[in-house]
Amino acid sequence: MNFSPQRKASNITLLISAFIIVSLILWNTNSFFRKFKEEERLKMEIWATAQLELIQSPVDQELGNLTLKVMANNTSTPMILVNEEGSYKTHNIPKDKIADSTYIRQKIEQFKNENEPIQIIQEDELLETLYYGNSEVLNKLKYYPLALLLIICLFGTVIFFFFKTNKASEQNKLWAGMAKETAHQIGTPLTSLMGWNELLKTEDINPDVTKEIAKDIDRLQTITERFSKIGSIPELHVHDIVDETKKAYDYLKQRSSKLVHFSFSSNVEEALVLLNPPLYNWSIENLVKNGIDAMKGKGNIAIQIEKKGQTINILVSDTGHGIAKSDFQNIFNPGVTTKKRGWGLGLSLVKRIVEEYHKGKIKVFSSSKEGTIMQISLRANEK
């Protein structure tokens, strides 16, 4: 599907803008995290200074209010204070874990990784070492960028699918409107052709001529019916898919070039399915015409029906140039075509007819330089 240069430029600009905004948010969040971490470090250094003052003060001397306030105000940062003998004191550590030496050792290692320990030194003598971890607020802030990215990704995904669905809905309405208008426009000359053919029958003309004209008029009526059904839910009735496929096969064979060799086979004489014949025949016609185009009007077309249990497979093969494996799924998207001239609607319509209307499946069964096999799978409707 091709996009205009203006739309490409707009999409690139939007993508770059989104990247810049996200980068700025992450950078700002990271800066705030580092600033907060520095302030927490400063708070711990002040606490360590207050602890040194406590150690230096005589037992009978009353501590100043500032020292007591500094030590009492730390209620969020987890700390472990280890003296030179290996004894430890804890602050803001769960009470049930204080006596667990293994837990304390693990916490000390964790705190070492999170923050550089603070040594409390007096006259070049190491008295205690303060190990501290990140506060609860800092831990939450650490994961904030990830949460922000997740929210942005989710929001972007929702916006993407919203516009994609909205665009697809608009396209479907446009195609349905164009199809119904086409059916309406065909109706007028078709009625006139029917009248002229009836008039020709009264003249001295070879009956085979009017008979073939009548067949083509019937075909035009079928095409009109197909287009009129687009955009509405078609009615499905039980039909013999072998017979319906054979009808489509006979019509296409009779009106195709003699350079195209047709073959038809089925491992069952009858297979009943819920079917809308005009739309199903349209699918077969599209697949066959795509095959003829791929062969450049010369080669072999084979239609094969296989019943396996409750599944009926209709295989349409050609001896064309094949389809790249990377395009096996893309070729069913609207607007995607490998032809120099084409709207890229044929296979997307086939997919809609088979999967949405008939609840079946269509796929590229196989493809190589020797040709392509397309497979339609429908569920049998037993009597």
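I80 has Y131 in β4 as its bridge partner, and the strands concerned, β1 (residues 79–83) and β4 (residues 125–132), pair in the antiparallel sense over 5 bridges; strands count as paired if DSSP finds at least two bridges between them, and helices (H or I, at least four residues) and strands (E, at least two) are DSSP runs numbered from the N terminus. This is a predicted model, in which local features need pLDDT of at least 70 and side-chain atom pairs count only at pLDDT 80 or more, while totals for chains, interfaces and linings use all residues. Residues are numbered from 1 along each chain as its sequence is written, and side-chain values use heavy atoms, with hydrogens and water left out.

β1 and β4 belong to an open sheet of 4 strands, ordered β2-β1-β4-β3 with antiparallel pairing. Its edge strands, each pairing on one side only, are β2 (88–91) and β3 (118–122).

A further open sheet has 5 strands in the order β6-β8-β9-β11-β10, and here the pairing is mixed. The edge strands in this case are β6 (260–266) and β10 (361–368), each of which pairs on one side only. Within this sheet, β8 (residues 299–308) and β9 (residues 311–318) pair in the antiparallel sense over 7 bridges, and I305 has I314 in β9 as its bridge partner.

F19 counts as exposed because its relative accessibility is 59%, where exposed means over 50%, buried under 20% and partly exposed in between (1.4 Å probe, protein chains only).
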